[in-house]
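Subject: Structure for you to look at

Hello,

Here is the structure I said I would pass on. My notes on it follow below.

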Amino acid sequence: DHSYFVKSVERFKLKLEEILVVLNPLKIGVTSFGLVVDGKNLTKIGFYDELAQLLHQRKIKSIEIRRGANLAELVSFFSIISSRLITASWSFREFKKVSIVCPAA
């Protein structure tokens with residue numbers, strides 16, 4: 001993976017660790033218009049809505065991240081969700097602290 005990509009994931013991991021102190025696991029619901037975290041709809045135009053659309057197009061219903069997710073796991077996770085196509089053949093069992101829920105194929 002590109003070094004800028006890995007640096008971005010490192011920064012995300014630092015913020016994530018702060019969030020997971022308060023909210024463990026971090027559960028993110030995905031709709032076509034926004035994200036849902038801790039029962040709150042996040043629909044900020046230009047960020048949450050674009051991220052939600054990206055995940056929704058990939059048929060991801062929710063994401064759950066638990067304390068202890070390591071950098072390699074997060075890099076793999078972001079590589080998968082940023083790929084153009086997620087299919088039933090993808091195996092998410094390799095992740096121990098990150099879960100992706102997609103509809104049954």
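Which residues does Lys 13 touch, not counting residues up to four places away in sequence? They are Ala 69, Asn 70, Leu 71 and Leu 74. Please keep in mind that this is a predicted model.

Lys 13 itself sits in helix 1, which covers residues 3-22. Its relative accessibility is 19%, so Lys 13 counts as buried, the limit being under 20%. Its side chain also makes a polar contact, at 2.3 Å, with the side chain of Glu 17.

The buried residues in helix 3 are Glu 73, Leu 74, Val 75, Phe 77, Phe 78, Ile 80 and Ile 81.

Next, the nonpolar core. The largest one has 20 residues, and Leu 55 and Ile 63 have the most contacts inside it. At least two residues of this core come from each of helix 1, strand 1 (26-30), strand 2 (35-37), helix 2 (48-57), strand 4 (62-65) and helix 3. Helix 3 gives the largest share, 5 residues. As for Leu 55, its contacts beyond four places in sequence are Val 30, Leu 35, Ile 60, Ile 63 and Ile 81.

Last, the aromatic rings. There are 2 aromatic pairs. One is formed by Phe 12 and Phe 78, edge-to-face, with 5.0 Å from centre to centre and 85 degrees between the planes. This pair links distant parts of the chain, since Phe 12 is in helix 1 and Phe 78 in helix 3, 66 residues apart. Phe 12 is partly exposed, at a relative accessible area of 30%, while Phe 78 is buried at 19%. Phe 77 and Phe 78 also pair: their ring centres are 5.0 Å apart and their planes lie at 65 degrees, so this pair is edge-to-face, the limit being over 60. Phe 77 has a relative accessibility of 2% and therefore counts as buried. Through these ring pairs, Phe 12, Phe 77 and Phe 78 are linked into a cluster.

Regards

Conventions. Residues numbered from 1 in each chain as written. Predicted model: local features only at pLDDT ≥ 70, side-chain atom pairs only at ≥ 80, totals over all residues. Heavy atoms only, no water. Helix = DSSP H or I, 4+ residues; strand = E, 2+ residues; numbered from the N terminus. Buried < 20%, exposed > 50% of the residue type's maximum accessible area, 1.4 Å probe, protein only. Polar contact = N/O pair within 3.5 Å; in protein donor to acceptor, adjacent residues only side chain to side chain. Contact = heavy atoms within 4.5 Å. Core = buried A, V, L, I, M, F, W, Y, C linked by side-chain atoms within 4.5 Å. Phe/Tyr/Trp six-rings, centres within 6.5 Å; stacked < 30°, edge-to-face > 60°.
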